[in-house]
Amino acid sequence: MIPELPKVLLHDHLDGGLRPQTVLELAAAVGHPLPADDADALADWFQQAADSGSLERYLETFAHTLAVMQTPEALTRVAREAVIDLAADGVVYVEQRWAPEQHLTRGLSLAETVEAVQAGIEEGIAAAAEAGYIIRVGQILSAMRQADRWPEIAELALAYRDRGVVGFDIAGPEEGFPPARYGDVWARLASENFPVTVHAGEGAGLDSLTQAVHLSRADRLGHGVRIIDDITFDKLGQATLGPLANWVRDHQIPLEVAPQSNLQTLAAGVRTLADHPITRLKELDFAVTLNTDNRLMSRTSMSKEMTLLVTEAGWAIDDLADVTIAAAWGAFIHHDERRTLVEDVIVPGFQRLEGVQL
């Protein structure tokens with residue numbers, strides 16, 4: 001029944017969600033060598049490489065997906081297929097994030113990459129509708145932390161805010177590349193009332209989260225699981241929140257948690273879903289949302305993430321409803337649109353399965 005549930009996905013990387021067969025075909029077209037020559041073997045390779053336990057090693061897998069996403073046709077195809085695949089999995093709202101600066105090696109301009117992705121999104125929405133699925137999609141433009149194009153990508157996001165782009169993000173290695181690197185970017189985005197999410201609390205800890213919250217003025221935190229480092233538990237399991245954890249919870253800043261990805265990179269410091277902090281954070285009333293991060297690398301989907309939480313972490317349908325509703329209220333759309341998404345789509349979708357044993 002889980003595939004039938006309506007789902008809201010806030011943290012899904014476009015370059016981490018390609019179909020293995022698409023990678024093969026696009027690589028053949030541009031002469032890019034791959035570590036496997038059939039779809040199943042290639043899917044195995046991506047998952048195994050991402051299972052290394054290192055965020056840096058995990059990120060290396062993107063060399064292959066990025067290599068085949070350097071033309072408008074490829075970008076459009078990947079975006080179209082992503083929307084179709086997500087809609088078929090029950091996703092009714094998704095924000096697809098990606099870094100335009102990583103798609104310029106074959107001569108595209110930044111603007112052309114955004115327009116190619118938007119074309120694919122619109123084609124995907126239309127194709128999904130023909131198959132009986134309704135899905136809404138927004139783009140989040142990411143600037144790579146280790147590069148020096150943050151102001152440029154921020155301006156690009158602002159330029160396309162009414163043409164498909166709904167937010168700005170920074171991604172890549174946290175250590176050594178803090179939000180303070182370009183403090184004026186955050187002031188600029190705030191002055192334009194533009195939504196911000198920041199990868200933080202994945203590869204680095206509380207200082208990274210503090211800067212994301214207070215300097216970047218992040219509306220959401222990408223991953224954010226290291227907020228658990230600011231919470232202590234006594235022998236009876238009672239929690240005492242530190243000042244940052246209290247701030248994040250008091251302000252209900254959504255945490256974009258991606259359990260399977262976190263287990264692969266050891267971002268949560270654990271190797272089993274039963275030990276993952278997502279459950280404790282949810283029990284403590286943090287605004288927890290459930291995400292896929294990179295569907296290809298983690299060989300996952302929203303249905304799989306939900307199913308594993310049920311089977312390995314003891315979640316029930318009410319828990320799945322909670323994180324879905326939290327994601328809808330954290331979406332980068334206006335308040336009335338969020339309410340409609342919750343009241344007209346998510347709640348009825350879950351109520352249809354009330355009493356069903358998952």
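Leaving aside its neighbours within four places in sequence, S216 is in contact (heavy atoms within 4.5 Å) with P179, W186, V196, V198 and Q211. This is a predicted model, in which local features need pLDDT of at least 70, side-chain atom pairs count only at pLDDT 80 or more, and totals for chains, interfaces and linings use all residues. Residues are numbered from 1 along each chain as its sequence is written, and side-chain values use heavy atoms, with hydrogens and water left out.

S216 itself is found in the loop between α9 (206–214) and β6 (220–223), where helices (H or I, at least four residues) and strands (E, at least two) are DSSP runs numbered from the N terminus. With a relative accessible area of 2%, S216 is buried, a word that stands for under 20% relative accessible area, as against exposed for over 50% and partly exposed in between (1.4 Å probe, protein chains only).

W186, one of the contacts of S216, also belongs to an aromatic cluster with W150, F168 and Y182. Within that cluster, W150 and Y182 form a tilted pair, with 5.2 Å from centre to centre and 45 degrees between the planes; rings of Phe, Tyr and Trp (its six-membered ring) pair if their centres lie within 6.5 Å, and planes under 30 degrees apart count as stacked, over 60 as edge-to-face and the rest as tilted. Because W150 lies in helix α7 (residues 150–159) and Y182 in the loop between β4 (165–171) and α8 (183–191), the pair ties together parts that are 32 residues apart in sequence. W150 counts as buried at 0% relative accessibility, and Y182 counts as buried at 18%.
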